[in-house]
Amino acid sequence: TITFSGLSGTNVTAADEGSLTLDLYLTFETLATDNSHYQFQITNANVNAQSSTSSTFSAFSAVNSSVIGDANMVGVTASKLVYTTNPPASLAQNVDFSAAVTARDANDNTDVDYSTDFTVGVETGTGAVSAVSGTTKTPTSGVASWSDLQYNTAETGVVLNANSGTLAEGLS
């Protein structure tokens with residue numbers, strides 16, 4: 001619940017027979033869930049009575065904001081790729097391992113609408129990474145994951161990269 005006080009004057013007063021639109025903006029500094037809707041309700045307002053010879057405003061009733069379509073919906077915009085499941089520290093030759101890469105914004109919120117392909121490769125190491133399912137995948141809900149990645153050399157300290165062509169590269 002957010003309570004605003006001290007709102008009065010011409011900025012929040014509708015003229016007689018008129019209307020007024022008030023815009024409410026929220027900034028999420030950390031956690032936000034992509035595509036979630038927030039609904040706002042005005043539960044109280046002052047209603048000024050007119051003189052006895054003219055009409056009066058009707059009694060105030062609570063008003064809800066819209067949650068249809070994109071109205072009042074959080075939109076996360078990815079700026080980077082992040083390994084959310086890292087490969088093991090030591091890779092055996094041609095043994096399956098898993099990894100997952102997620103499209104995230106600057107506050108590490110997942111962009112569930114992000115759908116540009118991710119490609120994994122070797123950043124640091126002497127071998128090459130491969131997968132029967134392919135090293136390029138289309139993310140689902142902003143995440144691409146592999147369970148069949150293989151490295152063609154037994155090695156420790158391998159760093160994989162993830163690229164989408166549009167976001168900051170992710171490193172394991």
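The legends below accompany an overview and several close-up views of a predicted model.

Figure 1. Among contacts with a separation of 6 or more, 62% join residues 24 or more positions apart. Of the 172 residues, 25% count as buried. The accessible surface comes to about 11000 Å², and carbon and sulfur atoms hold 48% of that area.

**Figure 2. Close-up of the largest nonpolar core.** Here we look at a set of 21 residues, the largest nonpolar core in the protein. Which residues have the most contacts inside this core? They are Val101, Phe118, Trp146 and Leu149. Several strands contribute: E3 (80-85), E5 (97-104), E6 (118-124), E7 (129-131), E9 (143-151) and E11 (159-163) each supply at least two core residues. As background, nonpolar side chains in soluble globular proteins tend to be buried together.

**Figure 3. Close-up of Tyr114 and Phe118, an aromatic pair.** A search of the whole structure turns up 1 aromatic pair. The ring centres of Tyr114 and Phe118 are 5.9 Å apart and the ring planes meet at 25 degrees, so this pair is stacked. Planes under 30 degrees apart count as stacked, which is the cut-off at work here. Both partners are hidden from the surface: Tyr114 is buried, and Phe118 is buried too. You have already met Phe118 in the previous view, as one of the residues with the most contacts inside the largest nonpolar core.

Figure 4. Asn109 sits in the loop between E5 and E6. Is Asn109 buried or exposed? Its relative accessible area is 3%, so Asn109 counts as buried. Beyond its neighbours within four places in sequence, Asn109 is in contact with Thr30, Leu31, Ala32, Val76, Ala103 and Arg104.

Figure 5. Why does Leu7 count as exposed? Its relative accessibility is 56%, and exposed means over 50%.

Definitions and conventions
Residues are numbered from 1 along each chain as its sequence is written. This is a predicted model: local features need pLDDT of at least 70, side-chain atom pairs count only at pLDDT 80 or more; totals for chains, interfaces and linings use all residues. Side-chain values use heavy atoms; hydrogens and water are left out. Buried means under 20% relative accessible area, exposed over 50%, partly exposed in between (1.4 Å probe, protein chains only). Contact means heavy atoms within 4.5 Å. Accessible areas come from the Shrake-Rupley method with a 1.4 Å probe; for residues, only the protein chains shown count as cover. Rings of Phe, Tyr and Trp (its six-membered ring) pair if their centres lie within 6.5 Å; planes under 30 degrees apart count as stacked, over 60 as edge-to-face and the rest as tilted. A nonpolar core is a set of buried Ala, Val, Leu, Ile, Met, Phe, Trp, Tyr and Cys residues joined through side-chain atoms within 4.5 Å. Helices (H or I, at least four residues) and strands (E, at least two) are DSSP runs, numbered from the N terminus.
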